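Have a look at the model first, then we'll go through the pieces.

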Amino acid sequence: MTSSFSLVSDFEPRGDQPQAIESLVDGLQDPAARRILLGVTGSGKTFTVANVIQRLQVPTLVLAPNKTLAGQLYGEFRELFPHNAVEYFVSYYDYFQPEAYIPSSDTYIEKDARINDRIDRLRNGATAALLTRKDVIVVASVSCIYGLGDPETYKGLALNIREGTPAKREDIVRGLVRTQHARAEIDFRPGSFRLRGPAVEVWPIHEQDRMLRIELDGDLVDALMYIDPLTGEILEEPREVSVYPVGHYVQPEDRIPQAQVSIREEMEKQVRAMRIAGREIEAERLERRTMADLEDLEELGYCSGIENYSAHFEGRAPGQPPFTLLNYFPRDFLCVIDESHVTLPQVYGMVRGDQARKRNLIEYGFRLESALENRPLAEKEFEPLVGRVMYLSATPGYREQAIVTEPPVEQIVRPTGLVDPPVEIRPAMGQVEDALASIKPVIDGGERVLVTTLTKRSAEDLTEFLQENSIKARYLHADIDTLERSELLRDLRLGVFDVLVGINLLREGLDLPEVALVLVLDADREGFLRSTTSLIQTCGRAARNAHGRVVLYADKMTKSINATLEEADRRREIQEAYNKEHGIVPRTIKKRIVDSLATMLGSESEEDETHHAPREEEIDAKIAELEKQMLVAASSLDFEQAIRLRDEVRRLEAARLEFHS
């Protein structure tokens, strides 16, 4: 394990990168400094950030506007910092329906969620790494500003075990049970423990491929070892370990009685006020629900919706900000806000929607007033917590420009020599048919296409239209879960399909060098999705390919379209002057196709990575076997299975081509 960042890359900074790195490193020496990096698409902003991290040597939070981009950045930083702790922290819900009440129809909507266990493990891994290491990069979505639990409590509940020190087996077991570890002699998994003679085996919640064995000699810790749970191979023999709680809301035993008293006092006060106001139904409802939660806390030490009582457990006064992931970082950390023009408005706006929903729940007796304190951070609370900040965007917004007094550090020149793609304006009338005609020659040339629409319905309808015309197309929108989005983007690059249709998820930061054509439908519908910022970002998706071009379908020239064309011309002139001075011929970015996010989450060890990179002869044999299964499925009229098998064959064929590229 290393305690310093070590950047691993075959490349050296080029183009505008060297001066950008120097300027940012100098400007971010002060732990309270703020700087903007205005970097165009394809200029290597991620590589610049990696160099800044390497130079500053401080823990770093990379805040992305969505899970798709967070997953991409997670993969890139893992490659650049293979010897350091690169962690992933996004919402662990694949599906989430928050608790709500609609007074107009007297409809109560119970909280419903589907938790992704692998992402939950990574969230715990991120907090554990922050409390034990200094060389940590956490790539996160805006979920990092939501309440997470007191880091001091989380750290205080950890079982700290050192070789050669006294420890009774029953005390270790009691500590594991108190931190929500489940005993599992058969179904052994992360977050559980089992007893093996005098030894205790624990599978820490944040570990995927190894478990911890604590060997005892009487009442003494004789040995500690991390073991492969499948083979039993000893992977590491540390002198000291810390086993953290299974969740971030686990509470010490002595806090539960205190919290119960204050919860009961608040309930009685709120119920009394409701009855005085003649709201007997609401008062009865609140009393019943709260008493049921108190009984669970008494019996189990936990209750459903315990996060709504976080202020009582943490002793926070009304209005005091909740603990979040930011509180787990040391004070001098670096916060990189990627695509800041989108991310900052998200961060600042989260709390308003959360409070509006909970106000109804409180007013009608579903929650105590203190439930308002379980919330995301407000703007005035977020800013002091992030310390030194690098705002990263090709189109910085007014918020970050109002915060930063220094002019932006510009990174306009692309080391590859690629210029901003030419933009063509075509009539919106007949745009779907024209899009089809434009797509065919691009995919015949072995390249990919992105199409942006305004609504989810139109994305789905257009995808169906393209498929009916023998185009391999898929759609991407907010209903596609985290892991499937990553698979879709990887499959697009591999050529499993050729056209990806989306709404605003195709804009910021997606690194797809195979894309040679971007089509923007209804480009003259002025608004959020067709603003200057959105159009510049969308056009940037074609800026990583030497053949890249953009078509805007519009019947009129809006202010946003004109501003987009002007900015593209300015950047094109700068790049062309650089190319001429240095004798550079533009070339398409060549970037290895990394594992999908699902693969990364499921395999962390070198052995697993080797398993996912089979030899060419193994690929040929696998393709032959899958083709047989595909024919059997088709003959049995199981067309869904046949399609899945066909897609897997295409992935393997694309992987085989990589051996010869």
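In which handedness of crossing does H16 pass H17? The crossing is right-handed, a label used when the near helix is turned clockwise from the far one by less than a right angle, with anticlockwise giving left-handed. Bear in mind that this is a predicted model, where local features need pLDDT of at least 70, side-chain atom pairs count only at pLDDT 80 or more, and totals for chains, interfaces and linings use all residues. Residues are numbered from 1 along each chain as its sequence is written, and side-chain values use heavy atoms, with hydrogens and water left out.

**H16 against H17**

- The axes of H16 and H17 sit 8 Å apart, and the two helices pack at an angle of about 45°; axes here are lines fitted to C-alpha atoms, for helices over the stretch in contact, and angles run from 0 to 180 degrees between N-to-C directions.
- That angle makes H16 oblique to H17, given that under 35 degrees counts as roughly parallel, over 145 as roughly antiparallel, 65 to 115 as roughly perpendicular and the rest as oblique.
- On the H16 side, Thr532, Leu535, Ile536 and Cys539 do the touching, and they meet Lys559, Ser560, Ile561, Ala563, Thr564, Glu567 and Arg571 in H17 (contact means heavy atoms within 4.5 Å).
- This contact divides into five nonpolar, three polar and three charged residues; Ala, Val, Leu, Ile, Met, Phe, Trp, Tyr, Cys and Pro count as nonpolar, Asp, Glu, Lys and Arg as charged, and the others, Gly among them, as polar.

**The second largest cavity**

- There are five cavities of 30 Å³ or more in the structure, a cavity being a set of points on a 1 Å grid over the protein atoms alone where a 1.4 Å probe fits but cannot get out.
- Helices are DSSP runs (H or I, at least four residues), numbered from the N terminus.
- By class, the lining has seven nonpolar, four polar and four charged residues.

**H2 and its two partners**

- H1 (residues 17–27) and H2 (residues 45–56) have axes that come within 9 Å and cross at roughly 40°, which makes H1 oblique to H2.
- The H1–H2 crossing is right-handed, and the contact has seven nonpolar, three polar and two charged residues.
- H2 and H3 (residues 67–80) pack at about 50° with axes 11 Å apart, so H2 is oblique to H3.
- H2 passes H3 in a right-handed crossing.
- Thr46, Phe47, Val49, Ala50 and Ile53 in H2 meet Leu73, Glu76, Phe77 and Leu80 in H3.

How values were computed. On a 1 Å grid over the protein atoms alone, a cavity is a set of points where a 1.4 Å probe fits but cannot get out, and a pocket is an open set with protein on both sides within 12 Å along at least five of seven lines; lining residues have an atom within 4 Å of a point. Grid points are joined across faces, edges and corners, and a volume is the space filled by probe spheres set on the points.
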